[in-house]
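Thanks for making the time, everyone.

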Amino acid sequence: CRNRITAFEAQHIANVAWGFAKVEFIDQRLFEAIAVETPKRVREFNPQAMANTVWAFATAGVAAEALFEAIAGAAVNRVG
């Protein structure tokens, strides 16, 4: 799962996370792969993709401290 997620664009990663959380299908391997990949590429995420990703993890109840920290840092940098 981790090797394949690297081929996704940032918006696609966010959409996949959102979709799975929305239907309440929580695949731990998938969410783990997203949690590892997102901090590496957070600069590629637009504000909507950041929001959707955070929403997905929060809704799914998946703890991902590094992901939340990376997105929070990116959001602060963009807001100024």
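This is a predicted model: local features need pLDDT of at least 70, side-chain atom pairs count only at pLDDT 80 or more; totals for chains, interfaces and linings use all residues.

Let me start with the surface: the accessible surface of the chain comes to about 5000 Å², and 55% of that belongs to carbon and sulfur atoms, the areas being Shrake-Rupley values with a 1.4 Å probe, where for residues only the protein chains shown count as cover. Residues are numbered from 1 along each chain as its sequence is written, and side-chain values use heavy atoms, with hydrogens and water left out.

On overall form, the chain has five helices and zero strands, these being DSSP runs numbered from the N terminus (H or I, at least four residues, for helices; E, at least two, for strands). Buried residues make up 36% of the 80, where buried means under 20% relative accessible area, exposed over 50%, and partly exposed in between, with a 1.4 Å probe and protein chains only.

What, then, sits in the largest nonpolar core? That core has 24 residues, and those with the most contacts inside it are Phe31, Ile34, Phe45, Phe57 and Leu67; by nonpolar core I mean buried Ala, Val, Leu, Ile, Met, Phe, Trp, Tyr and Cys residues joined through side-chain atoms within 4.5 Å. Helices H2 (10-22), H3 (28-41), H4 (47-60) and H5 (65-79) each give two or more residues to this core. Leaving aside neighbours within four places in sequence, phenylalanine 57 is in contact (heavy atoms within 4.5 Å) with Phe31, Ile34, Ala35, Val62, Ala64, Leu67 and Phe68.

Turning to H2, its buried residues are Ala10, Ile13, Ala14, Ala17 and Ala21. They cover an arc of only 95° around the axis, so they lie on the same side of H2, the arc being that of the directions from the helix axis to the C-beta atoms.

Finally, glutamate 24 lies in the loop between H2 and H3, and its phi is near 60°, a positive value in a residue other than glycine. Glutamate 24 is exposed, with a relative accessible area of 69%.
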